[in-house]
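Please open the model in your viewer, with the chains coloured separately, and follow the stops below in order. Each stop says what to select and what is to be found there.

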Amino acid sequence: MIEVRNLTKSYGSKKAVNNISFTAEDGQVLGFLGPNGAGKSTTMNILTGYISSTEGQAFINGVDILEDPIKAKSFIGYLPEQPPLYYDMTVDEYLDFVYSLKKCRMPKKSHLNEICEIVKLGDVRKRLIKNLSKGYKQRVGFAQALVGNPKVLILDEPTVGLDPKQIIEIRTLIKRLGKNHTVILSSHILPEIQAVCDRIVVINKGRIVANDNADTLARNLSADHKLVLHIEGSSEEIKKLLSSVTDVERVFVGRQVDERVWEYHVEAKEGADVRRDLFRKLAARNYPILMMRSNELSLEEVFLKLTTGDEYGGAEKLESQYDMLEKGGDNQ
Amino acid sequence: MIAIMKRELSAYFKSPIGYVFIAVTFLFSGFFFWFFTLSVGNTDVTYVFLGMFYVYMIFVPVLTMRLMADENKQRTDQLLLTAPVGLMRLVTGKFLSAYIVFMLGDVVMLTYGIVLSFCAEVNWAVIFGNFVALALIGAVFVSAGLFVSSLTESQMVAAVGSIALNVALALINVIASVIPVKFISDVISSISIFDRYHGFTTGIFSISSIVFFISVTVVFLFITVRILERRRWA
């Protein structure tokens, strides 16, 4: 179990983490969601005792990390953003070293074999870490965190830089481990957090903007009633037509996709499904729908929604969202 | 502590650094041995050891530059500092590994005494005095190097910085000799490692000097711990 109370970390006048509190129960996977620079890594570094907090307390299994760091640290397996690997060692030598560093008291050989089995390191154990691919290095880092079977796992962006197959493997692994460990993992990818976590803490600019069960948060953030369409035809007329559909509240014309094709953002009443009506109306007037999808929120939109409670405040905001979306698209 | 020491030792001998350091030690001490004793038919080994004092001043930093700087750079310090290990143990483990490599090179000096004993009567008190003095000086240089290494991410900066620190430690008595105020110059010369080193070379084992060298070593290790600790609070 991890309990964080009013944690603050200041660097000069800048507060990297500002008065955050949350709790992760045993057997829970807690997702730490936020853009780069939000304070995720700082919080994790405080939890693991790598840096200290300016104010507030962090308890690992009831032990204050500042009061009794050695005991608190013995509960934790930590995978930092950049796996802490010694490139001049082989995987086996490295895990051996971590094993004795953590002063483990279980049968070494079978324990390390088991870990290598879990993270699928079997065929590279005799190789120098230096020569491993990024994905394997990440797995060695993961294995290192698992040595000693710690009750609490803290994983800082564990899937960054992995290929899609490895990402799925790591997610499955985290889910499995979450059953009998307390896991905190950070990410700036919303679907990843949604896929793995029981509880989500959203952090932005050092502050918690949401802290809820994954399901509740997902429902609040879901955007089924918001649609994005590409329709061929005169934008003025189509906009009027779309607005006339029952339950549609707002319509925005977005960028021009092609000659005579515009993008439209349609916002219906919460819970209403207007897709069939839209189809019929447009088909009746012979405006072909080239694409229709529900508008999944990007992380930027999630933050806008959580911080302002409003997504489509007006045309200007939409404009700026396009910029953000395009930037966000590049990032991911 | 043992785990860290073992890892560092194996790192020394996986890279060329360990071998190079020992080779350099053998080379220089062998040369001094030949130059100051064999070639001139002298049994006084003091100058052989004194030569090594200066060699170590420059070369021990090569041994220690990596110790913390590389951890800082590769971010492996995150592993060490989040492991359930006390900082003093961590630092002591690092110190011991470098000191063992140092002693592997240093121990060869005793064989010169054995070689000499075949040719002539030797004063073993002087040889042992020199040997112990050099071993203690080595501990000071290694701990000073470890301290400087913990301040930076760059091995080059660590090496140059610790050479400068070692030179300053060795030359403190020069400063003392130019200060006109007797009280201050007395204080400074009493912390001069060179003066104390010199006492050993005449074959006199002074307890106060032994305690002095060990204390300086411990102080450097202690400051290193504080540096690691301070980084947490920064």
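**Stop one: a strand inside chain A**

Select β3(A) to begin: five of its five residues are buried, so this strand is largely enclosed by the rest of the structure. Strands and helices here are DSSP runs (E, at least two residues, for strands; H or I, at least four, for helices), numbered from the N terminus, and buried means under 20% relative accessible area, exposed over 50% and partly exposed in between, with a 1.4 Å probe and protein chains only. This is a predicted model, in which local features need pLDDT of at least 70 and side-chain atom pairs count only at pLDDT 80 or more, while totals for chains, interfaces and linings use all residues. Residues are numbered from 1 along each chain as its sequence is written, chains are lettered from A and ligands numbered from 1 in the order in which they are written, and side-chain values use heavy atoms, with hydrogens and water left out.

Now show the side chains of β3(A): Val29(A), Gly31(A) and Leu33(A) point one way, Leu30(A) and Phe32(A) point the other way, and all are buried.

**Stop two: the neighbours of β3(A)**

Gly31(A) has Leu185(A) as its bridge partner in β8(A), and in β9(A) its bridge partner is Ile200(A). The strands β3(A) and β9(A) also run parallel, with four bridges between them, and Leu30(A) stands opposite Arg199(A) of β9(A).

Stay with β9(A), residues 199-204: five of its six residues are buried, so this strand too is largely enclosed by the rest of the structure. Then extend the selection to β10(A), residues 207-213, which runs antiparallel to β9(A) and is joined to it by six bridges. The two strands form a hairpin with two residues between them, and Lys205(A) in the turn has a positive phi of about 50 degrees. Asn204(A) stands opposite Arg207(A) of β10(A).

**Stop three: β7(A)**

β7(A), residues 152-156, is mostly covered, with five of its five residues buried. Val152(A), Ile154(A) and Asp156(A) point one way from β7(A), and Leu153(A) and Leu155(A) the other way. β6(A), residues 76-79, pairs with β7(A) in the parallel sense over four bridges, with Ile76(A) opposite Val152(A).

**Stop four: salt bridges**

Which residue of chain B forms a salt bridge with Glu93(A)? Select Lys14(B): the closest N and O atoms of the two residues are 2.7 Å apart, a salt bridge being a side-chain nitrogen of Lys or Arg within 4 Å of a carboxyl oxygen of Asp or Glu. Glu93(A) lies in helix α3 of chain A and Lys14(B) in helix α1 (residues 2-14) of chain B, so the pair joins two chains. Glu93(A) is partly exposed at 33% relative accessibility, and Lys14(B) is partly exposed at 39%.

In chain B, select Arg7(B) and Glu8(B), whose side chains meet in a salt bridge at 3.8 Å, N to O. Arg7(B) counts as buried at 5% relative accessibility, and Glu8(B) is buried at 2%. Salt bridges that share partners join Asp88(A), Arg7(B), Glu8(B), Arg66(B), Glu71(B) and Lys94(B) into one network. Over all chains, a search of the whole structure finds 21 salt bridges.

Finish this stop in chain A with Lys269(A) and Asp247(A), which form a salt bridge with their closest N and O atoms 3.8 Å apart. This pair links distant parts of the chain, 22 residues apart: Lys269(A) lies in the loop between β13 and α10 of chain A, and Asp247(A) in the loop between α9 and β12 of chain A.

Technical notes
Two strands pair if DSSP finds at least two bridges between them.
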